[in-house]
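This report examines selected local features of one protein chain. Please consult the sequence and structure shown below.

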Amino acid sequence: MCQADSRPSRRSFLGATGAVTAVGLSAGCQSSSAPPDRSDAPAPTPPVSPTGRYQAGITLPQPAQRNLLAVVADLVDAAPVGPLLAELGEAIRALTEGTDARLMGLSPGDLTVTIGVGPRLVRTVDPDLPGAKDLPRFSRERIAPGARGGDLLIQICADDALVIPVVAAALLEQAGDRIRERWRQSGVRGANVPVAKGRAAPRNLFGFVDGIVGPHTKAEQERDLWLSGPAPVAGGTLAVLRRMDLDLPRFAKLSVAGQEAVFGRRRATGVPLSGGTIASGPDLGAKTPDGRYLVPVDAHARRAHATAVGVGLMLRRSYSIDGPAPGLLFVSFQNDIRTFTNTLTRMDNSDALLDYTTTTASASFLILPGFDAQHPLGSRLFR
């Protein structure tokens, strides 16, 4: 499943979230002057390498970090794309390694930065490349011109919310006058619910587990997530961002059974209404003794089902947002834009969930292939 506001200042900061930990006293005799035992302090968050075949922040780390900031910007006319991307890549390496003074002494922890380029920039290279087509318009949209499309995506994720605005300020300073910000959105993921061995998904503001289905195995990711060709985009993927206002008050007036009929899953457990486990795909053919589908015909689990739509799987990430209306930032990754567009077209026709959403921002991007010291970010596409 899956949000324009006035342009915020580059200096705007996200609110930081803190965690309160209880400090236990060790058993046994101690001197009254001995310092408290801090062996229960949280372990340092392991770093995530920014380099490799794929960019970080898509399948790594797992599960995804709790906090996200998406910044969408336009390239100022005449600014060369290649040097800008290469500089951003070098800045990302320094920030994630903790060697950039602009971190203000903060530990980067599991910081990831993911960079994508919009259709206009892809078309300057080759209009037939994946990512060169703009998203079509759909129903239930109320999108200001400044919140549709864009040339550059900077996705910043971290468990430490304080790191994110500091990194955003550093990267925007690095880009300087070569880009002009369109819109930005921060979001947070709820507590994770176990889905399968080594896999978890968070709840959304509707109270349902979100992002259960997706290309989770290596084989599924090679088939449905990563681009395999042509060479300039191999190792990349396609991202769609949709920001939505949610009509929580009206949804909350439904009975729990009514809410479950909208989603096609149990609210408490995430199990499909057709039965099985939370990781089970819904049985779309299962019926009650009197012939009614267990998963209603307009349920989200049916209308967005990859097999029913006839497309591949999309890796979906949803982040809850607050204000002025409660909402959702939906991010999906797929190697064929039709995976998203065909799914939303089918949902547009009859998906009960869309009755409670209004899209206020929308964009798509080619997420660039991975990079390293020998192959700067974007160098294969913008030589």
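## Basis of the model

The model is predicted: local features need pLDDT of at least 70, side-chain atom pairs count only at pLDDT 80 or more, and totals for chains, interfaces and linings use all residues. Residues are numbered from 1 along each chain as its sequence is written, and side-chain values use heavy atoms, with hydrogens and water left out.

## Helix H1

Helices (H or I, at least four residues) and strands (E, at least two) are DSSP runs, numbered from the N terminus. Gly98, with a positive phi near 80°, follows H1.

Buried denotes under 20% relative accessible area (1.4 Å probe, protein chains only). Among the buried residues of H1 are Leu84, Leu85, Leu88, Ile92 and Leu95. Their cover includes strands E1 (67-75) and E2 (112-117) as well as helix H3 (163-175).

Strands E5 (residues 192-196) and E6 (residues 199-202) run antiparallel and are joined by four bridges; pairing requires at least two DSSP bridges. Ala196 stands opposite Arg199. Two residues lie between the strands, and Gly198 takes a positive phi near 75°.

## Gly370

Gly370 lies in the segment after strand E10 (357-367). Gly370 counts as buried because its relative accessibility is 9%. The C-alpha atoms of Gly370 and Tyr54 are 4.0 Å apart, although 316 residues separate them along the chain.

How values were computed
Buried means under 20% relative accessible area, exposed over 50%, partly exposed in between (1.4 Å probe, protein chains only). Contact means heavy atoms within 4.5 Å.
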